[in-house]
Amino acid sequence: MTAHSFSTPNELQELLGERLKRLRLNRNLDQRSTAEKAGVSEKALRNLESGRGSTVETLLRVLKALDHLQGLDMLAPEISVNPLDLLRKPKARIRATPRARWVSKPLNEG
């Protein structure tokens, strides 16, 4: 289990907001320019960064504005093989080879 397994949704929103704010600050961007680039209001960005709730669209727009869409791959990675599908597939039948039949010859035959 991860350290966040027991966090409430509100705590997780706050954590996500803090990380987005740090990402923005590490890129030397202020809220106004980031909000303009993302096409969202400053209030929407402040709400997102403070963990007070936001929309998925605002999150995606801000991630795109911060040039950090690879964060989506970490959030929801592409799954190549579904383990449940492996269980559902019937196993290929392997044909059994016929057993060798031993025919005993009578001892008096040559």
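Helices here are DSSP runs of H or I with at least four residues, numbered from the N terminus. This is a predicted model, in which local features need pLDDT of at least 70 and side-chain atom pairs count only at pLDDT 80 or more, while totals for chains, interfaces and linings use all residues. Residues are numbered from 1 along each chain as its sequence is written, and side-chain values use heavy atoms, with hydrogens and water left out.

**View 1. Thr 34 sits in helix 2.** With 2% relative accessibility, Thr 34 counts as buried (under 20% relative accessible area, with exposed over 50% and partly exposed in between, for a 1.4 Å probe and protein chains only). Look for a polar atom of the Thr 34 side chain 2.8 Å from the backbone oxygen of Asp 30. Leaving aside residues up to four places away in sequence, Thr 34 touches Arg 24, Leu 29, Leu 45, Ala 65 and Leu 66 (contact means heavy atoms within 4.5 Å).

**View 2. Glu 49 belongs to helix 3.** Its relative accessible area is 7%, so Glu 49 is buried. The side chains of Glu 49 and Gln 31 are joined by a polar contact of 2.9 Å (a pair of N or O atoms within 3.5 Å; within protein, one must be able to donate a hydrogen and the other to accept it, and residues adjacent in sequence count only if both atoms are side-chain atoms). Beyond residues up to four places away in sequence, Glu 49 touches Gly 17, Glu 18, Leu 20, Lys 21, Arg 24 and Gln 31.

**View 3. Helix 3 (residues 42-50) packs with helix 4 (residues 56-65) at about 95°.** Their axes, lines fitted to C-alpha atoms over the stretch in contact, are 10 Å apart; angles run from 0 to 180 degrees between N-to-C directions. The two helices are therefore roughly perpendicular (65 to 115 degrees). Ala 44, Leu 45 and Leu 48 of helix 3 meet Thr 58, Leu 59 and Val 62 of helix 4.

**View 4. Helix 3 has Leu 45, Asn 47, Leu 48 and Glu 49 as its buried residues.** Their cover includes helix 1 (9-26), helix 2 (31-38) and helix 4. Just after helix 3 comes Gly 51, which takes a positive phi of about 75°.

**View 5. Leu 16 is found in helix 1.** Leu 16 is partly exposed, at a relative accessible area of 38%.

Notes. Parallel < 35°, antiparallel > 145°, perpendicular 65-115°, else oblique.
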